[in-house]
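Let's take a walk through a protein model together.

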Amino acid sequence: MFDSVKGFWVTLKHFFQRPITYKYPMERRSMGKRYRGVPVFVPDEQTGECKCTGCGLCARVCPSEVITVERIKKPAPAPSLETDQSGERCEPAAKPKDEVKYNMNIARCIYCGYCVDACAVKALAMSNEYELSAPNREDLIYDKDHMLELGKKYVKETEGQDQEDKEKVA
Amino acid sequence: MIDWISVAITIAVMLFIIVWVLLSMAYFTLFERKVLAYIQDRVGPIHVGPWGLLQPIADGVKLLFKEAIIPAKADKWVFVFAPMIPFMAAVMAFAVIPLAGDFTIFGRTIHPYVSNVNIGLLFVLAMSSFSVYGIVMGAWASNNKYSLLGGIRSTAQVISYEVILGLSLVGVIMLSGTFSLEGIVNGQNAVWFIFFQPLGFIIYLFAAIAETNRSPFDMPEAENELVGGYHTEYSGFWFAFYFLGEYIWMLVVSALAAIIFLGGWNPPPFIPAFIPAPFNVIWLFGKMAIFGFLYIWLRGTLPRFRYDQVMGLCWKILLPAALINIVVTAVVKMWIGA
C-alpha cells in the first residue's frame, strides 16, 4: 500500500536532480574514441597529402558499394637523352603520381568501418563528424579533396589522443 | 445617484481579476510543462524566451492560426457554442473568489473581489455543474459515436465527483457558519480548517482532481484520445477553449482549496502578518502554487485509473467517507457547543 507513497518520493527527488538533457545545438556531447562518424582521409604526417594509392580494396569490401575508385595510370616518362656536365645521363624526370578518382556516397554509407579496416596504407579513418545534412543529394557524394579536408580537421580535433585509438586498429 | 467611483473601482477590480486569471492560466501551462520535465530528468521548453517564458504566447498564436474545421454533419451552432461553456463557467466562478483582505485607500474601502454574495461557495459549485453541459454538448454535436461515448464517460465522472466535492465542503461550512468565501477565510483567523477537517481535505483533493479530469482521473482525455473523446473533432481555436476551461478550473479549485482549507490570504499561524492588504494576496498565490505543484506531481507519478475503478472509488469509498465526516463534525460541534 505504501508503494504509491514511495513513488511520490522518487518523483520529488528527481525533480530536484540535475536534468540529463544536452541543450543541442548550444551544447554538444563529445563522441567516444571509437565513434564511427563519416569516413575521412587522414593526411600524411610529413607531406600532408592523401595517402590513398587507389588500390580499390575499400571499394571491394564496402557492403553497400558506395565507393568508386578509379586509378588513371600515368605512363613513366621516357628516359632522358640529355647529359649533364660530367657526361653522365641525367636521371629521368620523376614519374608523375597516378591520378586517383575517389568518390564516396555518404548518403548510402552504413558507417560500418570496413573500408577503414581494409585500407592497406591506413589512409582512411572514421571521424567524429555526424552533422552531415546537405541541401541536395549531389553534395552528399564526397570526393577525395573534401574527405582530405575533413580529415585534417579530424586530426586537429583528436590531437593528443592515443595513436592506437586514432588509427582505429581493429 | 450613482457613485461613479465605486463603479469604476469595481470595474477595475474585475479587469484585474480577468487579466490575472488568463495570464495565470497561460503560465500554469508552462509551469506544468517545466515541472513535468524536471520530474522526468529533462528540461521543458527553453527556446522561446528565457526559460521558455514566451512559450504560452507562442502556443496561443499557433492555436489561433490553425485551421478550424467543423465536421460536415455536426450540429454547427451547438458545436461552436459548446467549448465556451466550461470557459465561461470557470471565469464566472472567479467572480466570488476573494483575493486578499479588504484595504483602504484614501478613506475608501476596497474589496479585492468582484462580488461577495452570501452563497459564494454554492455559486462556485453551481458553475462547476453548469460546465458539464459543455462536455455533453460537445460530445453530442460532434456526431461521432466515439466522441459521444467519451463525453458520456467524462460527464458521468464529473457529476459523480461533484457530489463528493459538495459533501466534503459541508464540514467546513458547518465550522464557519457561512457560505461566503470571505466569511470562511475570516473564520480561520485562529486555526486553519485543514487541521479540523483532515478527512474533508483529502476527499476534497480527490474530488477536485477528478472534477478537472486530471491524472490519475484523466481517462476521458487520455485513452479515449486514441479513439475519440469529446474534443476529438475540435481543432485549433475551439480545442483551445476546452483546455482553457480545464486549466482555469484547476486554478479555481486550487484557489478554493487555499481559501477554504489553508486560510486564504492569512500567513501560517507561526508567522506574523507583516504583509499588509492588498499585498497579502501573495500568500494566496503561494498556496495556489503549492496546489498547482501537487496537481503536476500527481500527474507525473501515478498511472491512470480504469474507469470502473474511478466510479467505484467515488460511490463506494469517498461517499461514505464524506458522510461520516459530516456526521462526526456535526456531533463534535454539538458536543463542544453544549
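How much space lies in the second largest cavity? About 90 Å³. Before we look around it, some ground rules: this is a predicted model, in which local features need pLDDT of at least 70 and side-chain atom pairs count only at pLDDT 80 or more, while totals for chains, interfaces and linings use all residues. Residues are numbered from 1 along each chain as its sequence is written, chains are lettered from A and ligands numbered from 1 in the order in which they are written, and side-chain values use heavy atoms, with hydrogens and water left out.

So what is a cavity, anyway? Rolling a probe the size of a water molecule over the atoms shows where empty space is left. Here the search runs on a 1 Å grid over the protein atoms alone: a cavity is a set of points where a 1.4 Å probe fits but cannot get out, a pocket is an open set with protein on both sides within 12 Å along at least five of seven lines, and lining residues have an atom within 4 Å of a point. Grid points are joined across faces, edges and corners, and a volume is the space filled by probe spheres set on the points.

Back to that second largest cavity. It has 15 lining residues, and the closest to its centre are Cys52(A), Thr53(A), Cys55(A), Cys58(A) and Cys119(A). Its lining divides into twelve nonpolar, three polar and no charged residues. As for those classes, Ala, Val, Leu, Ile, Met, Phe, Trp, Tyr, Cys and Pro count as nonpolar, Asp, Glu, Lys and Arg as charged, and the others, Gly among them, as polar.

Counting cavities of 30 Å³ or more gives four. The largest cavity holds about 280 Å³ of space. Of its 22 lining residues, Ser131(B), Ile135(B), Glu211(B), Thr212(B) and Trp249(B) are the closest to its centre. Three elements of chain B give two or more residues to this lining: α5 (120-141), α6 (145-176) and α11 (236-260). These labels come from DSSP runs, numbered from the N terminus: helices are H or I with at least four residues, and strands are E with at least two. α11(B) gives the most to this lining, with seven residues.

Now for the open spaces. The largest pocket has about 1,000 Å³ of space, and among its 35 lining residues Thr29(B), Asp59(B), Leu63(B), Phe243(B) and Tyr247(B) are the closest to the centre. Here α1(B) gives the most, with nine residues. By class, the pocket lining has 20 nonpolar, three polar and twelve charged residues.

Next, find where the chains meet. Counting contacts (heavy atoms within 4.5 Å), 14 residues of chain B touch 13 residues of chain A. The area buried between them (the accessible area, with a 1.4 Å probe, that two parts lose on being put together, summed over both) is about 1,300 Å², and carbon and sulfur atoms give 76% of it. Tyr38(B), Asp41(B) and Trp297(B) supply 42% of the area that chain B buries against chain A, more than any other three residues.

How many salt bridges cross this interface? Zero, by the rule used, which asks for a side-chain nitrogen of Lys or Arg within 4 Å of a carboxyl oxygen of Asp or Glu. Over all chains, though, the structure holds seven. One of them joins Glu129(A) and Lys153(A), at 3.5 Å from N to O. This pair links distant parts of the chain, 24 residues apart: Glu129(A) is in the loop between β4 (124-126) and β5 (141-143), and Lys153(A) is in helix α4 (residues 144-157).

Most residues other than glycine have a negative phi, and most peptide bonds are trans. Trp51(B), not a glycine, has a positive phi of about 55 degrees, and Trp51(B) lies in the loop between α1 and α2 of chain B. In chain A, a cis peptide bond joins Tyr24(A) and Pro25(A), with omega about 0 degrees. You'll find Pro25(A) in the loop between α1 (3-16) and β1 (39-41) of chain A.
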